[in-house]
Amino acid sequence: MSDKRGFETEAIHAGQVPDPTTLSRGVAVHRTSSFVFKSAEHAANLFSLKEFGNIYSRLGNPTNAVLEDRITALEGGAASVAAASGTAAIFNTIVTIARVGDEIVSASNLYGGTYTLFDAIFPDLGITTKFVDARDPSSFEKAITPKTRLLYIETIGNPALDVADIPAIAKIAQKHHLPLVVDNTFATPYLLKPIELGANIVVNSLTKWLGGHGSAIGGVVTDGGNFDWSDDKFELFNKPDKNYHGLRWAKDLGPELGKIAFALRNRTVPLRNIGACLSPDNSWIFLQGIESLHVRMPRHSENALAVAEHLSKHPKASWVRYPGLKGDPSYDVAKRLLTKGSGGMVVFGVKGGRPAGEKLIESLKLFSHLANVGDTKSLALHPASTSHSQLTEEQQRESGLTPDLVRLSIGLESIEDIIGDLDQALAKI
Ligand SMILES: *Cc1c(COP(=O)(O)O)cnc(C)c1O
């Protein structure tokens with residue numbers, strides 16, 4: 001057997017062995033707020049990062065550690081930090097790297113919540129964002145200024161499902177010595193591993209396909225361990241950090257820990273002091289889901305492709321977007337990067353615009369009308385009137401959202417039933 005285990009094996013085993021004390025095979029849920037110190041010296045070593053160990057569950061918990069190590073293995077990174085939600089993981093990622101006066105260059109086709117964070121919340125904290133066209137890698141380069149601290153993209157953008165050309169954008173990030181942060185929620189590491197393609201930091205909402213059953217909220221960020229923070233423009237890594245013992249993260253950690261300076265600062269500054277930690281109960285739920293990720297994702301992709309092909313011939317659909325659909329604007333990039341499937345999302349335009357979209361969603365019976373994606377159950381939403389209603393019409397159009405757009409998250413039910421439900425609802429328009 002080679003040292004490197006397969007994805008399927010890691011999805012089930014990474015980060016855990018049977019507990020040596022209890023011999024429990026399953027992952028234990030450690031429902032505890034705190035952990036006893038063995039001695040005064042042990043306590044001092046833990047606080048000064050001389051030794052790793054459990055202190056208090058806001059900073060880390062053994063059940064969360066299994067989840068973090070599993071995600072690290074699946075994403076091919078160096079360390080991960082779990083958070084209370086995907087949104088918290090994104091917030092903590094940004095404030096780990098950027099401070100007042102700094103800029104982000106981000107794709108504009110973002111998850112609605114992330115767009116609001118970048119467009120409305122971070123500016124109040126002095127961090128501003130230049131939004132660019134994810135389909136055009138050169139637009140990232142044009143927006144970079146001396147104040148830029150990171151590039152941000154989603155693997156498969158919301159809501160038009162454009163696939164980012166990660167290798168091309170990573171090349172620009174490297175040239176300008178900036179970290180590339182990728183939200184990999186829609187692909188999951190089963191379909192694509194951004195770090196292998198040159199990304200430095202990967203965020204995932206566990207709420208979606210990783211957990212996979214619509215049963216809990218959580219997020220995680222993975223440090224690729226492949227970015228050198230010692231450039232003085234990353235002030236938070238090079239000036240003594242008053243949030244943590246005056247430590248200079250890029251200078252004082254030594255070569256081994258220095259590689260995961262981002263993950264360490266993320267855990268010890270925003271996770272510890274802002275406090276959006278993940279409950280170990282939810283970690284356990286996500287670990288259950290992750291064990292079957294490699295079985296679910298191919299079926300999500302297969303069902304979604306069948307729906308996309310069906311809708312592309314349907315007289316009541318004016319257009320369909322699915323990265324794996326021949327002729328899709330993202331088809332070529334998807335063919336190159338998403339070799340194991342193009343994921344579970346399909347969006348399409350219903351003839352008759354917004355009223356037809358609303359009618360369709362109200363007529364669906366098997367599909368659930370709700371604001372989530374990545375469940376075993378098929379889900380439908382009309383983003384213009386719900387998840388993206390905060391944006392102006394111009395911002396909506398900029399992010400690829402038209403009033404007729406219906407968003408489908410294709411589940412794992414019988415494909416005949418999924419298509420049958422769409423057909424009966426489309427017939428009512
Ligand atoms: C859902 C989602 C998020 C936010 O995650 P939460 O767990 O809901 O906070 C971020 N990015 C993408 C792409 C998402 O789908």
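Q: Why does Glu103 count as buried?
A: Glu103 has a relative accessibility of 12%, and buried means under 20% relative accessible area, exposed over 50% and partly exposed in between (1.4 Å probe, protein chains only). So 12% puts Glu103 in the buried class.

Q: What kind of model is this, and how are its residues numbered?
A: It is a predicted model, where local features need pLDDT of at least 70 and side-chain atom pairs count only at pLDDT 80 or more, while totals for chains, interfaces and linings use all residues. Residues are numbered from 1 along each chain as its sequence is written, and side-chain values use heavy atoms, with hydrogens and water left out.

Q: What makes the meeting of Lys130 and Glu103 a salt bridge?
A: Their N and O atoms are 3.5 Å apart, and a salt bridge needs a side-chain nitrogen of Lys or Arg within 4 Å of a carboxyl oxygen of Asp or Glu. Helices (H or I, at least four residues) and strands (E, at least two) are DSSP runs, numbered from the N terminus.

Q: Why is Lys130 called partly exposed?
A: Its relative accessible area is 33%, so Lys130 is neither buried nor exposed.

Q: What parts of the chain does the pair of Asp162 and Arg321 link?
A: Asp162 and Arg321 form a salt bridge with closest N and O atoms 2.8 Å apart. Asp162 lies in the loop between strand S4 (148-154) and helix H7 (166-175), and Arg321 in strand S8 (residues 317-321), 159 residues apart. Both residues are buried.

Q: How many salt bridges does the structure hold?
A: It holds 19. Arg99, Glu235 and Lys239 are linked in a network of salt bridges.

Q: What makes the link between Thr376 and Asp375 a polar contact?
A: Their side chains are joined at 3.1 Å. A polar contact is a pair of N or O atoms within 3.5 Å; within protein, one must be able to donate a hydrogen and the other to accept it, and residues adjacent in sequence count only if both atoms are side-chain atoms. The contact joins side chains at 3.1 Å, so it qualifies. Thr376 sits in the loop between strand S10 (368-369) and strand S11 (379-381).

Q: Which residues make the contact of helix H13 with helix H17?
A: H13 (residues 293-312) and H17 (residues 415-427) pack with their axes 10 Å apart. The contact (heavy atoms within 4.5 Å) is made by Asn303, Ala306, Val307, His310 and Leu311 of H13 and Ile415, Ile418, Ile419, Leu422, Asp423 and Leu426 of H17.

How values were computed: Axes fitted to C-alpha atoms, helices over the stretch in contact; angles between N-to-C directions.
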